[in-house]
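This briefing is meant for a reader who is meeting the structure for the first time. Please look over the chains below before reading on, and keep the display at hand while going through the points.

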There are 4 protein chains.
Amino acid sequence: MSETKTQVGIVGATGYTGVELLRLLAHHPFVEVRAVTSRQEAGKAVADYFPSLRGAYDLVFQAPDDADLSQCDVVFFATPNGVAMKEAPALLAQGIKVVDLSADYRIQDVATWQKYYKMEHASTDWISKAVYGLSEWKRDDIAAAQLIANPGCYPTCVGLPLLALLQQNSLKTDAAIIADCKSGVSGAGRKAEIGSLFSEAGDNFKAYGVAGHRHLPEIRQTISAFAPEIAQKFTFVPHLTPLIRGMHATIYVELNEGVDALAVFQAAYQDSAFVDVMPHGSLPETRSVRGANTCRITAYRAPETEANQWIILSVIDNLVKGAAGQAVQNMNIMLGLPEQTALNGMPLLP
Amino acid sequence: MSETKTQVGIVGATGYTGVELLRLLAHHPFVEVRAVTSRQEAGKAVADYFPSLRGAYDLVFQAPDDADLSQCDVVFFATPNGVAMKEAPALLAQGIKVVDLSADYRIQDVATWQKYYKMEHASTDWISKAVYGLSEWKRDDIAAAQLIANPGCYPTCVGLPLLALLQQNSLKTDAAIIADCKSGVSGAGRKAEIGSLFSEAGDNFKAYGVAGHRHLPEIRQTISAFAPEIAQKFTFVPHLTPLIRGMHATIYVELNEGVDALAVFQAAYQDSAFVDVMPHGSLPETRSVRGANTCRITAYRAPETEANQWIILSVIDNLVKGAAGQAVQNMNIMLGLPEQTALNGMPLLP
Amino acid sequence: MSETKTQVGIVGATGYTGVELLRLLAHHPFVEVRAVTSRQEAGKAVADYFPSLRGAYDLVFQAPDDADLSQCDVVFFATPNGVAMKEAPALLAQGIKVVDLSADYRIQDVATWQKYYKMEHASTDWISKAVYGLSEWKRDDIAAAQLIANPGCYPTCVGLPLLALLQQNSLKTDAAIIADCKSGVSGAGRKAEIGSLFSEAGDNFKAYGVAGHRHLPEIRQTISAFAPEIAQKFTFVPHLTPLIRGMHATIYVELNEGVDALAVFQAAYQDSAFVDVMPHGSLPETRSVRGANTCRITAYRAPETEANQWIILSVIDNLVKGAAGQAVQNMNIMLGLPEQTALNGMPLLP
Amino acid sequence: MSETKTQVGIVGATGYTGVELLRLLAHHPFVEVRAVTSRQEAGKAVADYFPSLRGAYDLVFQAPDDADLSQCDVVFFATPNGVAMKEAPALLAQGIKVVDLSADYRIQDVATWQKYYKMEHASTDWISKAVYGLSEWKRDDIAAAQLIANPGCYPTCVGLPLLALLQQNSLKTDAAIIADCKSGVSGAGRKAEIGSLFSEAGDNFKAYGVAGHRHLPEIRQTISAFAPEIAQKFTFVPHLTPLIRGMHATIYVELNEGVDALAVFQAAYQDSAFVDVMPHGSLPETRSVRGANTCRITAYRAPETEANQWIILSVIDNLVKGAAGQAVQNMNIMLGLPEQTALNGMPLLP
């Protein structure tokens, strides 16, 4: 029976996006994870390494060179930046579909990418063929794509509300757009770094990347697709907050006279299962999407300001809609499956 | 179609066990939640009160007197102690099955119950008819029962390993049995109390209930069923630890010569989907069962001691296997459904 | 010897600002806490109620009516809003100095106060005599005052950087000013409320008060003192973040051409012991001021924007510089003592 | 003026015990920190590396070989195990006093040390000259010592109550002694390790070192000094709990007939400023000693057991009384200063 399922591989499966892919795919009715690779943990059973997966997988991590990814129909790259651009092209050449959760194919302008990621790009010819997988805005392109550049977490959380406003030309073109974003610590990945230690990141709050975070050009690229003239008016400050999962964007915009942001969102997302536009007066909280592929959005008219200033609130789980969940959503679209397949798990609250 | 589903009611659905029942039942293929009651939130939509449930339920909380629980096949009591003993009998008299997540029917000895719960018991005749629902040890009784006393979280976490040893007469009868237990804060329920505030329970660790916690007689009753002579040798200290969900029991026992605790566990639970006996050298952690109905257990011979002293480690999610999950498991058994129905969600890690 | 010390009373000492005053004053060389009141805990020893204070205080909480506050030289009100306005006037009439940590005397416009605090003001005549105690900006007024309206935590964290820019006319008058603020949960006080529970506020992030928080008019009043025309351009969104203590303000402003925010801060605060202007490239974090009376500030030019857009980062401990510490600082100034007396404790890191 | 102060050096000052020594010594009236070393951060200003120390220190980290430790009167080793045993002897030979916060000189039996620390000991001759610095029990020896082996955190938290019972021969000799201990994550040190990440250790609870933690032989050595026959009856299980600082020991002992543990503690510690024996019914919590050098202890007779079984609760701040605080206390004793000098800071609560 399993031979009729779509065969899936995961490159770099020991990180947080890797284990999250494994969690989401464990009960996917139409796919089977066939191969997981890890340079460091090769030979170790997945269920020994991640006890939460005991009983769900018999797989053993394979060294990248030993893994027979060419037997897969779809391969996810859950690797650090700089790996997929080297290893994906060989798979793509065999006709295998690739969903890259890293940043390698997200930025169309190579110079900008190289400036922000501080390395040479190794497969520039694939950049223009990659589809930027903000699922709700690119369903047709994704369905036809072979290579998906899965969006960053901040660009997803900020992009979903912003794109609706951009599409409707709602933004006043001479005002600043400010995205003040807060991320849980898992967004830094599963890397042994002092700054991500419990005793450093716990009971602490700080901004980071203020001088220019890598997701700044990614969001500006998204804006530019609709309104290049305002991309430079966009300011973005990420912050690290002591929660494991979860991302909250507070976005400050001035809208054209008479525009109601909430109405724009409701119109844009009425048919999108994973974007929940909450009613006026709501306060989206990160835990309301913990473990789920949902983005919840609402908007407030800024109190007692003269201009048509709005405050937009948007939350996602950075590991789900901000990474592995959107990757599975994109895979579902690529495979012609119902978009929600294996993504209907309820948020864990409390 | 829904009329063919088992109709379920939840009394007191605004607490943590209530919302957890709603989460677990949201995708249960054979049951439908028909009524949820709340004295305080009557008239409010469930999805407004718990935004994590938006999209999954159209239900509105009803005042207890307005709710038509008599149309239900099964009613869960997710109420404070003292409610089910008053309200369940009328439902039971109509033939409705009841799963009581409170402590009302857990203790067979009325005097002990009244001493520890500091009130008169209102339906003592139902106590002896109630089946104590430690699912793995009472499957046949549960299948035949009309009223389930769903076990407490500590008694589940401690009882699962202890019962296996008791059944095999593995415990040395003249030695102390010590259960040092640690619970996440959600175990205190969703009550507005100073001691459960983030700024009180956060970044803090303490014991509580040392002079005699209510789960002490419940565990002693479990022990007594097998070996009444050692029940008084059992000491239990619960602690509050700054995590939301999760419970860890560290149990210290002296075993009869030659007995290997791990081998006993493996034999006892080889056919139980929800008890995972981990191999020697494992360190069960609470997050490995976060959101799941699994109890993970392992055992160590105490290093360099003369006696056959053992250290047993056991973890559950206090809201799932320690409450709502076991309640659903018991309901499945009562209804003749596969035990794991709706309980196969993967743990959320990280 | 103690009779030569300044005698101090604390009204409402069982909350977080109360216990923090007791911590800070425990080793103050020139004052002695003589009376602490609590309606609920009257008769209980302070050291039994707050074990962290064992050994430091022999005091017993007194009922408000029993406490002989008239023997005090200075009385702190660490009470909910609405208490000081009723009880302080009688003490003030006796010549006693009062530092009110609540909001009762912060807003000069009574109508605005009543709108935001939803009650009648009970001693409007004292409002205009109260000095708003943002210590660094009002030293002379504070020294001469009898009644101090101790600033709110957000107004302190936002006001310290903003006032320096306002004083220098650095802000572009036609641009929005946005303060995106994040507070630890202790900011909500030591009240038994569901929303402040560990299992609600933990591992969660959300905005609140978006439609108009009480500190909005307080900050606007501060702005208006320098530039009334831009007060309405100020937007403020507070957020709740899962840390116990700590507050972080991220402030977005457009400055007049050529102005360097960091240089403005350095000039403004070179002689202020409790405002630490950090060098360019720094990332102030809340834990760097945990338990200390320090505000750390820095500023960044927003990357790659056309306008002279700046990002200002400011952190305080909401219970110290945002409440009890600034109150002690103000008392020191009122008493003619060195401003730093009893406030030199080092931050606790980690 | 500073030349009359005792000159102090800290080797390895970038870890948690190092920064804690700097915090505690910042306002010590009789000592001056003259040199701090760090292999990795040499050349960096202490105040840049630890912003919490801005304003308190002008020091720059020096490479170990460049630091002129020979000008110091006292040198603290806040280094990983294995460093002090190599570097301390040269300083000791110059007559410098050394307080070693690592484990190098704690175990008198070299073979045991080498087994548990998995390396050759490099200066075995100094082991027998080292005084094990459990301050309350060795004041005279410490005063006369040149080399202090500062105790581990668990051995301090467990040893303080246990030694009082051992001294009075209170323990029943044929019963198990069990210490179930819980530590905050800072106990693992400031090392970049996956297991200490916020997203791994946060919202999680687990045991570790169950098969034989390094502090097991250290505590057994302490027991053996009084009662070698019961050292092998001691079982110790450490657990990792999601708090930054804090340690809680729950100790289970059977006492000789008629012995009251609480009375024993009160007698033993009536003159010790840093051991607070709390009254019957108290629940010592870790936050009640956060940042302070205090150990709080109480005891309960186990409810409804036949034997004279007792439950002992003991809390410390692992970085203060469990490390840097006790090190300063020991230095004070060595220098003939009042034991409490610079150690009177109040705990930070909340």
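The model shown here is predicted.

**How the copies are related**

- Two copies of a chain are related by a rotation about an axis and a shift along it.
- For chain D and chain B, a rotation of 180° with 0.0 Å of shift along its axis brings chain D onto chain B, with an RMSD of 0.0 Å. The two copies are thus related as by a two-fold rotation axis.
- Within chain D, the C-alpha that lies nearest this axis belongs to Pro242(D), at a distance of 3.0 Å.
- Of the interface residues of chain D, 100% are also interface residues in chain B, so these copies meet through the same surface.
- Chain C can likewise be superposed on chain A, by a turn of 180° and a shift of 0.0 Å along the axis, and the RMSD is 0.0 Å.
- In chain C the residue that comes closest to the rotation axis is Pro242(C), whose C-alpha is 3.0 Å away.
- Because 100% of the interface residues of chain C are also interface residues in chain A, these copies too meet through the same surface.

**Packing of helices α1 and α11**

- Two packed helices are described by the angle between their axes and the distance between the axes.
- In chain A, helix α1 (residues 16–25) and helix α11 (residues 320–334) have axes that come within 10 Å and cross at roughly 50°, which makes α1(A) oblique to α11(A). The crossing of α1(A) and α11(A) is right-handed.
- On the α1(A) side, the residues making the contact are Thr17(A), Glu20(A), Leu21(A), Arg23(A), Leu24(A) and Leu25(A), while α11(A) contributes residues including Val320(A), Ala323(A), Gly325(A) and Met331(A). Sorted by class, this contact has 9 nonpolar, 2 polar and 2 charged residues.
- In chain C, the axes of helix α1 (residues 16–25) and α11(C) come within 10 Å and cross at roughly 50°, so that α1(C) is oblique to α11(C). α1(C) passes α11(C) in a right-handed crossing.
- Among the residues that make the contact in chain C are Leu21(C) and Leu24(C) of α1(C), together with Ala327(C) and Val328(C) of α11(C). The residues of this contact divide into 9 nonpolar, 2 polar and 2 charged.

**Buried residues in loops**

- Arg290(C) is placed in the loop between β11 (275–277) and β12 (295–301) of chain C, and its relative accessible area of 7% makes it buried.
- Leaving aside residues up to four places away in sequence, Arg290(C) touches residues of several chains, among them Gly202(A) and Asp203(A), Arg245(C), Asp317(C) and Pro350(C), and Ile244(D) and Leu348(D).
- Arg290(C) and Val131(C) are 159 residues apart along the chain, and their C-alpha atoms are separated by 27 Å.
- Thr79(B) sits in the loop between β3 (74–77) and α3 (84–93) of chain B, where it counts as buried at 13% relative accessibility.
- Apart from residues up to four places away in sequence, Thr79(B) touches Val11(B), Gly12(B), Ala84(B) and Ser102(B).

**Positive phi and cis peptide bonds**

- Asp203(A), one of the residues touched by Arg290(C), has a phi near 45°, which is a positive value in a residue other than glycine. Asp203(A) lies in the loop between α8 (198–201) and β8 (206–207) of chain A, and at 14% relative accessibility it counts as buried.
- Lys118(C), also a residue other than glycine, has a positive phi near 55°. Lys118(C) is found in the loop between α4 (110–117) and α5 (124–127) of chain C, and with a relative accessible area of 70% it is exposed.
- In chain B, a cis peptide bond with omega of about 5° joins Leu349(B) and Pro350(B), and Pro350(B) belongs to the segment after α11 (320–335).
- In chain C, the peptide bond from Leu349(C) to Pro350(C) is cis, with omega near 0°, and Pro350(C) lies in the segment after α11 (320–334). Both Leu349(C) and Pro350(C) are among the residues that Arg290(C) touches.

Terms used:
Residues numbered from 1 in each chain as written. Chains lettered and ligands numbered in written order. Predicted model: local features only at pLDDT ≥ 70, side-chain atom pairs only at ≥ 80, totals over all residues. Heavy atoms only, no water. Axes fitted to C-alpha atoms, helices over the stretch in contact; angles between N-to-C directions. Helix = DSSP H or I, 4+ residues; strand = E, 2+ residues; numbered from the N terminus. Parallel < 35°, antiparallel > 145°, perpendicular 65-115°, else oblique. Left-handed = near helix turned anticlockwise from the far one by under 90°. Contact = heavy atoms within 4.5 Å. Nonpolar A, V, L, I, M, F, W, Y, C, P; charged D, E, K, R; others polar. Least-squares fit on C-alpha atoms with pLDDT ≥ 70 in both. Buried < 20%, exposed > 50% of the residue type's maximum accessible area, 1.4 Å probe, protein only.
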